[in-house]
Amino acid sequence: MSLSLEQVQRIAHLARIEISETEATTTQGHLNGIFQLIEQMQAVDTRGIEPMAHAQDVAQRLRADAVTEGDRRAAFQAVAPETEAGLYLVPKVIE
Amino acid sequence: MNQWEVVIGIETHAQLATVSKIFSGAATAFGGAPNTQACAVDLALPGVLPVLNRKAVDCAIRFGLSIGAEVAQKSVFARKNYFYPDLPKGYQISQFELPVVQGGAITVQVGSGDKAYEKTIRLTRAHLEEDAGKSLHEDFHGKSGIDLNRAGTPLLEIVSEPDMRSSDEAVAYARALHALVQWIGICDGNMQEGSFRCDANVSVRRPGAPFGTRREIKNLNSFRFLKEAIDFEVQWQINEIEEGRAIQQATVLFDPDSGETRMMRSKEDAHDYRYFPDPDLLPLVISDDWIARVRGELPELPGQMRQRFIDDLGLSAYDAAILTASQEMANYFESTVAVAGKANAKPCANWVMVDLAARLNKEGKVLAESPVAAAQLAGLIQRIADNTISNNIAKKVFEALWNGEGASADEIIEKQGLKQITDSGAIEALVDEVLAANAANVAEFRAGKEKAFNALVGQVMKVAKGKANPQQVNDLLRKKLAG
């Protein structure tokens, strides 16, 4: 399987990443290289093997339900481009 | 309308009753100043990792067990990718292929009185996920303000099968689910604060035909809006089809002011979420021991309590269903019966479901605000049972209790002289007085007019100021008129 240039551009749009025609072509090459790798792996017979959701065969660690993080808004907002009334300001997006 | 069948499935987001977020140690309390409860994990700062909250998993197990579902021994968290400023990571952590709760069902009571019927709604799944932040679009000189306090709040998304066939069934299901999540203590059920919100998938079809194309109504946060939105949407879809236009799959919003639904996005620009297992989180493994422990901690469930009311207290299935529709109602009823006695369970049920409910409804109050406590109501019911007062006088005593005219039914009966006259000598005197004064009625009755008898009973009760025992009055009158 390989990706078309249109598919690369659609993925870039979904992730809101702006790419030029040249970058799209380069990226298409990289991504198709990865697909070739996957195709090689698919040659391995995996019948009867349960798929794993993670590379490590261990279970999720859990934490107790307790508030351990206090208010650090001032520190976090010190590096934000724009804030007002405690809110982060971003270009207007209305769905 | 008969030739169209409505098909409804509901997705519900229930906010879980934890103090901290699902993947971070920030607080989940409602109403904090913007961004004071958003930590580095919620802000998606580089290098942070999510760690799952055990209590959120506990809640999911509780829910699964309470609806007879399968609790998955192994479930997987996935990334649901979409771009929006109140979702700083660029993806929501959710569950996709392997949710924590699979299957299950809820039996609901639809309608009331003679038209009431029971229906079992099957559930597809319930999965754990995190909530997004909040975008504020006004007052920021053309920009949007982002509050991430809600980002990372634990949610259980509960998905039903498309088993509902009317807006009434949809509301009955949503109400039953709302009562259940509060009953088992996993969600505070506060709909104003968004702790419980529903999306309705609605389509119409000819009976027996395959499912029609559905439209999804998003974010309904009251039962009234749920009903209004579905009713509008159904009529809109029927009109479209009858006018020859096909329904396009779409997401719509309900505007409570206009009572209409309007399109938010069509299928063409629907999200492509590109789900994949989140490499930051390992599979969630739930042991049999854990499930057994949660099972042991579960309270008596609405369905079990309902059966007990039928078996032990002799209530009808309908009464038992109404009384277990919410935990407050069930507790109030049980407290009333505890004082009034099991033998009075049926009058207790009637007083709670009819008289008290009507009075609360009239004042726009909920049960928790009732000025009449369960023990006070039970005291009143006992006095009816032992013939101290008649049903009619009881309504007066209830009103007096409601208005705080006394601490108990006994006190009010005593103070206001409402005790029923059961002394046969006294009643006989009243009957004689009325017979003497109403010769015309007596003659009519003797001429065969049964109505005249009722008039005479009414006269005696009037003279007795309602306090004479009605049965004794009846018996004595019959005897005297026959003699």
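Colleague: Which residues of helix 2 of chain B meet helix 3 of chain B?
Modeller: S167(B), A170(B), V171(B), A174(B) and R175(B) in helix 2 of chain B meet F223(B), L226(B), K227(B), I230(B) and D231(B) in helix 3 of chain B. Contact means C-beta atoms, placed from the backbone, within 7 Å, and helices (H or I, at least four residues) and strands (E, at least two) are DSSP runs numbered from the N terminus. This is a predicted model, where local features need pLDDT of at least 70, side-chain atom pairs count only at pLDDT 80 or more, and totals for chains, interfaces and linings use all residues. Residues are numbered from 1 along each chain as its sequence is written, with chains lettered from A and ligands numbered from 1 in the order in which they are written.

Colleague: At what angle do helix 2 and helix 3 of chain B pack?
Modeller: About 155°, with the axes 9 Å apart (axes are lines fitted to C-alpha atoms over the stretch in contact, and angles run from 0 to 180 degrees between N-to-C directions). So helix 2 of chain B is roughly antiparallel to helix 3 of chain B (that term needs an angle over 145 degrees).

Colleague: New topic: how many residues does each chain give to the contact between chain A and chain B?
Modeller: Chain B gives 40 residues and chain A gives 32. On the side of chain B that touches chain A, strand 11 of chain B brings the largest share, five residues.

Colleague: And in which sense do strand 1 of chain A and strand 2 of chain B pair?
Modeller: Parallel, over two bridges; pairing requires at least two bridges found by DSSP. There, L62(A) stands opposite L52(B).

Notes:
Two residues are in contact if their C-beta atoms, placed from the backbone, lie within 7 Å. Angles under 35 degrees count as roughly parallel, over 145 as roughly antiparallel, 65 to 115 as roughly perpendicular and the rest as oblique.
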